[in-house]
There are 2 protein chains.
Amino acid sequence: MMTIKEYILSCKKELSPYIDSFLTGLIEERANSDRGLVELYETFREAGREGKHIRGSLVKLGYEIALGHFTGKCEKILPACAAFEILQTAILGQDDVIDKSPLRRGRDSIWRASARLAAVRRMAANREADDGGKENADDFHYGISQAICLGDVGISLANRLVIESSFDSDRKIEAMKTFIGVQLHTMDGEMLDVLMSYEKDYGDEERILKIARLKTAWYTIAGPLQLGAVLGGASGELLDAMRRYGIFLGTAFQLRDDILGIDATEAEIGKSNTSDIAEGKVTLLAHYAMKRATPAQLEQLRRIYGNGAASEADRLTVRDIFESTGPFAEVAKNTQSYLTEAADVIGEMTQNAKQAELLAQLCVMMAQRKS
Amino acid sequence: MMTIKEYILSCKKELSPYIDSFLTGLIEERANSDRGLVELYETFREAGREGKHIRGSLVKLGYEIALGHFTGKCEKILPACAAFEILQTAILGQDDVIDKSPLRRGRDSIWRASARLAAVRRMAANREADDGGKENADDFHYGISQAICLGDVGISLANRLVIESSFDSDRKIEAMKTFIGVQLHTMDGEMLDVLMSYEKDYGDEERILKIARLKTAWYTIAGPLQLGAVLGGASGELLDAMRRYGIFLGTAFQLRDDILGIDATEAEIGKSNTSDIAEGKVTLLAHYAMKRATPAQLEQLRRIYGNGAASEADRLTVRDIFESTGPFAEVAKNTQSYLTEAADVIGEMTQNAKQAELLAQLCVMMAQRKS
C-alpha cells in the first residue's frame, strides 16, 4: 500500500514537469517580447524547483477524497495543483523580502538571485572586476523590487491556472472563491505576523495561534484540500471537515516548524537556522520561553532574540534557554494534541480506507518531519 | 449632452461609496478577528479615496459599449468597476515601495502611512516624546512589509469582486481571463521599467514604448474597457478594436504623464515633481533629451537624472535642458499622433453617437490633462 510520502513523491513526479513546462511556455512567449523578462521569469521558475510539492499534492488528495476514489495520473486536476505550488513560490519570494532572508530551499531567494544577476551584469557593463557578484545597495533594491513584482506575477499565474482549467465554469467559480479566500487568510496571517514581530509582542498566546491558523493551517492544509475538493464537487459537510482537519494539522505543522527553526541544521531546513532568532520570530516557543525564563535568562533572550546580528553562539544560547525552560517539550506536547484532534476528523472526511490511511500518515509525517 | 468628465464624475459618485462600503464591510469582519488588521485595512481604504476613478469608469463604459446603450445607474457592473480601482490602489502601494515614494495622490503612500502609524505607536509604548511620528529604519521596513502584503490583499480583493459579481459563470470566467491577462501585462511592464531604470538605459526607444503599452495602455485604457465589454458580451472584433484604441490612447496618456512628471507642480500631480528625476525614470522625454543634448548638457543630465537627492534647482536645470533640446515639443507631437490613431478606431467600437462622442472626448481629455 502506498504511503503518504510515496503519494506526495508520485504527485511531485507528475506535477514538477507540468509546472516546468507551463513556466517554460511563458518564458518562450516573453522571449519574443523582451529579453529582460526572460531572465526574471527564469529566476521565478528556478525558485520553485526545489519545493516538496506538499500543497500541490494535497490539492489532488482533496479532489480524490471528494470523488471517493483515487484517479491515478490525472491531467484534469494538475493545473489546480500547480496553482498552489506557484502561489507558494510567489508568496515565499515576497516573504523573503519581508524577512530579509537571502536563502530559501537551499539556494538564493528570489530577491537575492535577482540582485546577484544584476550585480554581475553591472560589473560586466562597467568592466569592473567581477568578484562573484557582490551587490551594492542599488542592486539589493533592484532585487527586492523584482521579487515584489514576480510575487504578483505568481499570484496572477496561480489564479489563471484555476480559471483556465478544464472544469465547468460553475465549479471553477466556486473553486476561485475558495482559492481567493485562502489567499486572504494567508495575507491576514502574514500581516499579523509582521505586526507582532515588529512590536516584539510575545505575550499573547491566542494571537500567536491565530497567525498559525491563518498563515499556515489554511494555506498549507485546509486550503489545498478544499481547493481540490471543490473541483471534485464536495459537499458543504466535507469542506467543513477538511477545514477542521486542516486547522488542527496545520497548527501542529507550524509548531513543528518553529522548533525546527531553532533546533535544526541549515542543511536540514535549507535556510539559515539563525534567521528565526535574528528576526525575533513570534512563536509559541518564544512565548513559553519568555514566560518561564529567569530574570537573567530573560535579559539574554531580550538581547539576542530579534537581534539581526545573531551568531551561531547566540543561537546555541537561545537553544539552551529554550531547552532548560521547557518550551520544546511543551510545544511538542501541544503539537501532539493538535494531531490527535486532526486524526479524530478523518472519519468525517472519507469512507475510503486507503484515503483515511493517507490522512492519518500525513499527521505522523508532520509531527516527525526533520525539514 | 454628457461630457466624458461628467460621465467619469457620475461613475465616481456611484462607485466611490460602493468601494467604501465594500472595504468597510471587510474591516468590520476583521474587527471581530484582530484589532491589528483593522488599522491595516483602513490604511488601504484611505489610500484609494482620492483616486479619479478613471479606470473604474472605463469598465462601465466598456460594458455599455458592448450593450450598445447606456445603463444609467447599474449595480450589476459596479463590482467589476470597483475591482479595477482596488487593483489600482494595490499596485500603486507596491509601486511606491519600488520607487521609494512617500507621497501619492497628495497624501502619505501606503508604506509611509503604515510606517508612521507604527512609529507613533512605538513612541507611545516606550513613553518617548512623540515628535510627529519620525520613523526609524525598522519603522520603514515595517511599512514596506505591510505595503507588500496589502498589495497582495488588494489583488485578491479585486479578483474576488469579479468572481462574486452577479453575471453568469461562463461570462465571469471569460472576464477573469481578460482581467488576469491585464494584470500580467501590467507586471511585465513594471518589471521592464524597474530593469531599465536600474540600468539607466535611455537609448532604446522601442523598449520605452513597450513599457508604456504594457504598464499604462493595457492597464489604464484597454484593460478596463475590455473587462467591462466581456461582461457585456462583446464580440472578438469589438475587443480587438478596444485593444487598438486603448494601446494608442494609453501610450499618449503615458507620454503626457512623463511631461507632467517634470513640468507640473506638486499640487497639480499630488506627488513629488522631482521623483521622476530622482529615480531617473526611463521616458521617451529623457530618451530624446539625452540624444539631443550637447556634451555639457549630457554631463548635467547624467549628474542629476537618477540622482536620489535631486533638488528643486536640479529639477529646473533638467527642465531647462528638456526645454532647450526640444523633447517637450517632440513628445507632445508624438502624443498627438497617437491620439489621432486612437480616434480613428472609434468608428469600429460603437454605432452609438453619444458613446462615440465620449470616446472622442476621452482622447482630448488625456491630451490636455494637467494632473
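With which residue does Arg30(A) form a salt bridge? In this predicted model, the partner of Arg30(A) is Asp188(B), and the closest N and O atoms of the pair are 2.6 Å apart. The pair crosses between chains, in that Arg30(A) belongs to helix α1 (residues 4-33) of chain A, whereas Asp188(B) belongs to helix α7 (residues 169-199) of chain B. A salt bridge also joins the side chains of Lys210(A) and Asp34(B), with an N to O distance of 2.8 Å. Across the interface of chain A and chain B, eight salt bridges are found, while the count over all chains comes to 60.

The size of an interface is often expressed as the accessible area that is lost when the parts come together. Between chain A and chain B about 5000 Å² is buried, of which 65% lies on carbon and sulfur atoms. Of the area that chain A buries against chain B, 14% is supplied by Leu184(A), Met191(A) and Tyr198(A), more than by any other three residues. The contact draws on 55 residues from chain A and 55 residues from chain B.

With regard to surface charge, Asp168(A), Asp170(A), Asp168(B) and Asp170(B) form a negative patch. Within chain A, Asp168(A) is placed in the loop between α6 (137-163) and α7 (169-199).

Note on methods:
Residues numbered from 1 in each chain as written. Chains lettered and ligands numbered in written order. Predicted model: local features only at pLDDT ≥ 70, side-chain atom pairs only at ≥ 80, totals over all residues. Heavy atoms only, no water. Patch = residues over 30% accessible without salt bridge, like charges linked within 9 Å, V, L, I, M, F, W, Y side chains within 5 Å. Areas by Shrake-Rupley, 256 points an atom, 1.4 Å probe, with all protein chains shown as cover. Salt bridge = Lys/Arg side-chain N within 4 Å of Asp/Glu carboxyl O. Lys, Arg positive; Asp, Glu negative; His and termini not counted. Charge placed at Lys NZ, Arg CZ, Asp CG, Glu CD. Helix = DSSP H or I, 4+ residues; strand = E, 2+ residues; numbered from the N terminus. Contact = heavy atoms within 4.5 Å. Buried area = accessible area lost by both parts, 1.4 Å probe.
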